[in-house]
Amino acid sequence: MLYELFTWLDSTYDVPGTGAIAFISTRTALAAITSLLISLFIGKKIISWLSKLQLKEVIRDDIGLDHHLAKGSTPTMGGVIIILAIVIPTILWARLDSIYSWLIVFVTLTLGGVGFIDDYIKVVKKDKSGLAGWFKIAGQVFVGLIVGATLYFHPDFESFNSLTTVPFLKNVNIDYAFFGDTIGWIIYLTVAVFIIAAVSNATNLTDGLDGLAAGTSAICGIVFAIFAYVSGRVDFSGFLDIMYLPGAGELTIFTASLIGACIGFLWYNTNPASVFMGDTGSLALGGAFGALGLMLHKELLLPFICGIFFFETLSVIIQTTYFKYTKRKYGEGKRVFLMTPIHHHYEKKGWPEQKIVVRFWIITILLGILSLLTLKIR
């Protein structure tokens, strides 16, 4: 929106400084600042509004973590702050003729809406089970199909629609259409649905401690921003010998908005939290990360970039599988961890909440650096 305005002012009236908006780096900085200010100032008003409506977090009383019971008075659905702080700057500073911009905004709003309904049922209808599992999955499948179909069939992506980069290997890509286009699009759509559902659910599982999901998401956003920027520039992609993705640089505007939104949200979400993001925020963020992986053809790097989300989910899968196996074999279920997701395991071991969160942030930084090293270590 503002890109078009400033471009018009520059071409028509030659207003000094307006030409700088043509550079993605300028708009990235402006998007990050705008997002941070929105989350800080509008966020405060939204938190007050949520508190007045008594939209408080639903805390389970059967998990054996008594210090969590005090969080029952904390308002939830704060993901509304994150979504507004992401979408508004993206629309303001990204090019509106970019399919990348609209597709990533669609993912964020749609899965944010699914999460909002889930939170609404929990806190307003007082139903702890929330949105029916099949409805949540249906929303994720719908988004995955739209993303997959757009990336595979849209003419802007036809020259590289079925390819994905293999990390650590030079000039090696996986072609989803290795059996031909007839099977290729089915395979690709299946992969897209799986990734969107898996990463959004994984982010949702991670949102269990003050500042954990927001801080981790900000770090992941930085990594995606770098990948988007270099992939969208013919000179950088040529120098790094990676896949050039025309127009993908506009995703840098979105990722900058995401980083600013998460950092601003942390102002209120660090321990002790004044607000929780709820499923409204976690599903939106997770869906966005999954979509970014697909758009940048870096889906095989998602277990590294979003490593904490991956480990949180893996801990739940291991715990559930082992419990069912031992119960079937020995008549009594046994556990690998004290509690899952794994951040609760460390709580059970007596680690302070702040220590768990910061250490998980550090691990995310290390995994992010490893992900960026794949640009050269191949």
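Is Ala85 buried or exposed, and what is its relative accessible area? I looked this up before anything else. Ala85 is buried, with a relative accessible area of 0%. I take buried as under 20% relative accessible area, exposed as over 50% and partly exposed as in between, with a 1.4 Å probe and protein chains only.

**Entry: basis.** I am working on a predicted model, in which local features need pLDDT of at least 70 and side-chain atom pairs count only at pLDDT 80 or more, while totals for chains, interfaces and linings use all residues. Residues are numbered from 1 along each chain as its sequence is written, and side-chain values use heavy atoms, with hydrogens and water left out.

**Entry: Ala85.** I placed Ala85 in helix 3 (residues 79-93). Helices (H or I, at least four residues) and strands (E, at least two) are DSSP runs, numbered from the N terminus. I then listed the contacts of Ala85, leaving out residues up to four places away in sequence: Ser35, Ile38, Ser39, Ser257 and Ala261. Contact here means heavy atoms within 4.5 Å. I also checked Leu65, which is 20 residues from Ala85 along the chain; the two C-alpha atoms are separated by 32 Å.

**Entry: salt bridges.** I counted seven salt bridges, each being a side-chain nitrogen of Lys or Arg within 4 Å of a carboxyl oxygen of Asp or Glu. Side chains of opposite charge can pair when their charged atoms come close.

I looked at Glu250 and Arg27, whose side chains meet at 3.0 Å, N to O. Glu250 is in the loop between helix 8 (234-240) and helix 9 (251-269), and Arg27 is in helix 2 (residues 24-52), 223 residues apart. Glu250 has 6% relative accessibility and counts as buried. Arg27 is buried too, with a relative accessible area of 1%.

I noted a salt bridge between Lys136 and Asp279, with the closest N and O atoms 3.5 Å apart. Lys136 lies in helix 5 (residues 133-153) and Asp279 in helix 10 (residues 278-295), so this pair ties together parts that are 143 residues apart in sequence. Both residues, Lys136 and Asp279, are buried. I found Lys136 and Asp279 linked with Asp118 and Lys122 in a network of salt bridges.

I also recorded Asp97 with Arg95, the closest N and O atoms being 2.8 Å apart. Asp97 is exposed at 54% relative accessibility, and Arg95 is partly exposed at 31%.

**Entry: aromatic rings.** I searched the whole structure and got 17 aromatic pairs. Rings of Phe, Tyr and Trp (its six-membered ring) pair if their centres lie within 6.5 Å; planes under 30 degrees apart count as stacked, over 60 as edge-to-face and the rest as tilted.

Trp8 is partly exposed at 44% relative accessibility; Tyr13 is exposed at 55%.

For Tyr152 and Tyr188 I have centres 5.7 Å apart and planes at 40 degrees, so the pair is tilted. Tyr152 lies in helix 5 and Tyr188 in helix 6 (residues 181-206), so the pair ties together parts that are 36 residues apart in sequence. Both Tyr152 and Tyr188 are buried.

**Entry: charges over rings.** The rule I used is NZ of Lys or CZ of Arg within 6 Å of the ring centre and within 35 degrees of the ring normal. The charged end of Arg233 sits over the ring of Phe236, 4.5 Å from its centre. The charged end of Lys334 sits over the ring of Tyr330, 5.1 Å from its centre.

**Entry: backbone.** I found a cis peptide bond between Asn271 and Pro272, with omega about -5 degrees. Pro272 is in the loop between helix 9 and helix 10. I noted another cis peptide bond between Thr340 and Pro341, with omega about 0 degrees. Pro341 is in the loop between helix 12 (307-330) and helix 13 (342-348).

I also looked up Asp14, a residue other than glycine with a positive phi, near 50 degrees. Asp14 is in the loop between helix 1 (2-13) and helix 2, and is exposed, with a relative accessible area of 58%.
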